[in-house]
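Hello,

Here is the structure I promised to pass on to you. My notes on what turned up follow below it.

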Amino acid sequence: MTCYFARAQTMKRIFPLLIGVLSCAAFAHAGEVTVEATMTTGPNGQETTTFAADAPTVFATFKTKGGSDGDKIRAVWIADDVGDAAPKGTKIDEKTLKMEGDTEDGVFSLSKPTNGWPVGKYHVEIYVNDEQVTKLKFTIKAAAKSKKHSNEAEEESGD
């Protein structure tokens, strides 16, 4: 009877320790995945943090290292300050991809809204298995007027 009681006490001490070790292993795995990401003009485009309001799409390209098959990488697009177009911190869209192996190259994209991009500040948060790993800020600026449109305005003003 004493032997059974001693085993039960030992199991009560080991079980929480085992749960703790397994929990740490899961968090360590998520922390081992590294992500390098940049905002670009296209899937293989130029790196930038400023886009014109008439840009058809904005892109966040990424490279991962240390992932495993089935790990999930997610992008959450957020409007930070777009005036009256939306409240600060408005979530615009979200997309999740499943990783295939240790190293993954990929692209997240966001298409121009039907009524055009509201001018302002935005960011995209990138997560691996629900752990935020990076945040990219970008700005939408008013589209440049075409040269023809500028010349017509000068002629009308008499300049």
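**What I found**

Let me begin with Val 35: leaving aside residues up to four places away in sequence, Val 35 touches Phe 62, Lys 63, Thr 64, Ile 73, Ile 126, Val 128 and Val 133. Please keep in mind that this is a predicted model.

Val 35 also belongs to the largest nonpolar core, which has 26 residues. Val 35 is among the residues with the most contacts inside this core, together with Met 39, Val 58, Ile 73, Trp 77, Phe 138 and Ile 140. At least two residues of the core come from each of these strands: E1 (34-40), E3 (57-65), E4, E6 (103-111), E7 and E8.

Now to the rings. The count of aromatic pairs comes to five. One of them is Trp 77 with Phe 138: the ring centres are 5.9 Å apart and the planes stand at 80°, and over 60 degrees counts as edge-to-face, so that is the label for this pair. Trp 77 is in strand E4 (residues 72-81) and Phe 138 is in strand E8 (residues 131-141), so their pairing ties together parts that lie 61 residues apart in sequence.

Trp 117 and Tyr 122 make another edge-to-face aromatic pair, with 6.1 Å from centre to centre and 80° between the planes. Both of these residues are buried.

Finally, have a look at His 123, which is placed in strand E7 (residues 120-128). His 123 counts as buried, since its relative accessibility is 6%. Which side chain does His 123 join through a polar contact of 2.7 Å? The partner is Asp 80. Not counting residues up to four places away in sequence, His 123 touches Val 76, Trp 77, Ile 78, Asp 80, Lys 135, Leu 136, Lys 137 and Phe 138. Trp 77 and Phe 138, the edge-to-face pair from above, are thus both on the contact list of His 123.

Happy browsing, and best wishes

Terms used
Residues are numbered from 1 along each chain as its sequence is written. This is a predicted model: local features need pLDDT of at least 70, side-chain atom pairs count only at pLDDT 80 or more; totals for chains, interfaces and linings use all residues. Side-chain values use heavy atoms; hydrogens and water are left out. Rings of Phe, Tyr and Trp (its six-membered ring) pair if their centres lie within 6.5 Å; planes under 30 degrees apart count as stacked, over 60 as edge-to-face and the rest as tilted. Helices (H or I, at least four residues) and strands (E, at least two) are DSSP runs, numbered from the N terminus. Buried means under 20% relative accessible area, exposed over 50%, partly exposed in between (1.4 Å probe, protein chains only). A polar contact is a pair of N or O atoms within 3.5 Å; within protein, one must be able to donate a hydrogen and the other to accept it, and residues adjacent in sequence count only if both atoms are side-chain atoms. Contact means heavy atoms within 4.5 Å. A nonpolar core is a set of buried Ala, Val, Leu, Ile, Met, Phe, Trp, Tyr and Cys residues joined through side-chain atoms within 4.5 Å.
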